[in-house]
Amino acid sequence: MQVQQILKSKGIDSVYTVKPGTKVADAAKILAEKRIGTVVISSDGVVAEGILSERDIVRVLASNGAGCLSDAVDDYMTKKLVTCARGDNADEILSKMTEGRFRHMPVVEDGKMVGLITLGDVVKAKLSELAMEKTALEGMIMGH
């Protein structure tokens, strides 16, 4: 299964961005309201400059206290993004996410973000793929 198949099943409104300079508290509010795990930091909504997750916010809260909520997302975002392309294989993406211990990956083509996939999206796709294979094998065993 490829990333493009996962993106098709998600719909188009799956990426939320905030501009550099946005306060951490405002990013956290978006995460809570949209019930999502990450926001992408982007000046133009197209080029991903960084990513800030719930985990990032919790870690900085634990180490710096509530004062960090008025700091800019730029101060705590992950700047070295691991990205993928639509044609990448879901197994490879699953390995990268597991090894890197992160759950969100921007999908980029020609330097522009075209989507975002999560570890949950990839696992769901893999489970669906396994269910189809199981059904096909059962059919072969039964002689269908």
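User: Is Arg 103 buried, partly exposed or exposed?
Analyst: Arg 103 is partly exposed, because its relative accessibility is 27%. Buried means under 20% relative accessible area, exposed means over 50%, and partly exposed is in between (1.4 Å probe, protein chains only). Keep in mind that this is a predicted model: local features need pLDDT of at least 70, side-chain atom pairs count only at pLDDT 80 or more, and totals for chains, interfaces and linings use all residues. Residues are numbered from 1 along each chain as its sequence is written, and side-chain values use heavy atoms, with hydrogens and water left out.

User: What does the side chain of Arg 103 meet in a salt bridge?
Analyst: That would be Glu 54, at 3.3 Å from N to O. A salt bridge here is a side-chain nitrogen of Lys or Arg within 4 Å of a carboxyl oxygen of Asp or Glu. The pair links distant parts of the chain, 49 residues apart: Arg 103 sits in the loop between α4 (90-100) and β4 (104-109), and Glu 54 in helix α3. Helices (H or I, at least four residues) and strands (E, at least two) are DSSP runs, numbered from the N terminus. Glu 54 counts as partly exposed too, at 36% relative accessibility.

User: How many salt bridges does the structure hold?
Analyst: Four. Another of them joins Glu 109 and Arg 86, at 3.0 Å from N to O. That pair also links distant parts of the chain, with Glu 109 in strand β4 and Arg 86 in the loop between α3 and α4, 23 residues apart. Glu 109 is partly exposed at 31%, and Arg 86 is partly exposed at 32%.

User: And which residue forms a salt bridge with Lys 134?
Analyst: Glu 138 does, with the closest N and O atoms 3.1 Å apart. Both lie in helix α5, four residues apart, which is about one turn of the helix.

User: OK, the inside now. Which residues touch the most other members of the largest nonpolar core?
Analyst: Val 39, Ile 41, Leu 52, Val 73 and Tyr 76, out of 14 residues in that core. A nonpolar core is a set of buried Ala, Val, Leu, Ile, Met, Phe, Trp, Tyr and Cys residues joined through side-chain atoms within 4.5 Å. The elements giving two or more residues to it are α2 (24-34), β2 (38-41) and α3 (54-64), and α2 has the largest share with three residues. Apart from it lies another core, of twelve residues, including Val 3 and Met 105.

User: What does Leu 52 touch?
Analyst: Not counting residues up to four places away in sequence, Leu 52 touches a list that includes Ala 27, Val 39, Ile 57 and Met 77.

User: Switching topic: how many disulfides does a search of the whole structure find?
Analyst: Zero, where a disulfide is a pair of cysteine sulfur atoms within 2.5 Å. Cys 68 is buried at 1% relative accessibility, and Cys 84 is buried at 4%.

Methods:
Contact means heavy atoms within 4.5 Å.
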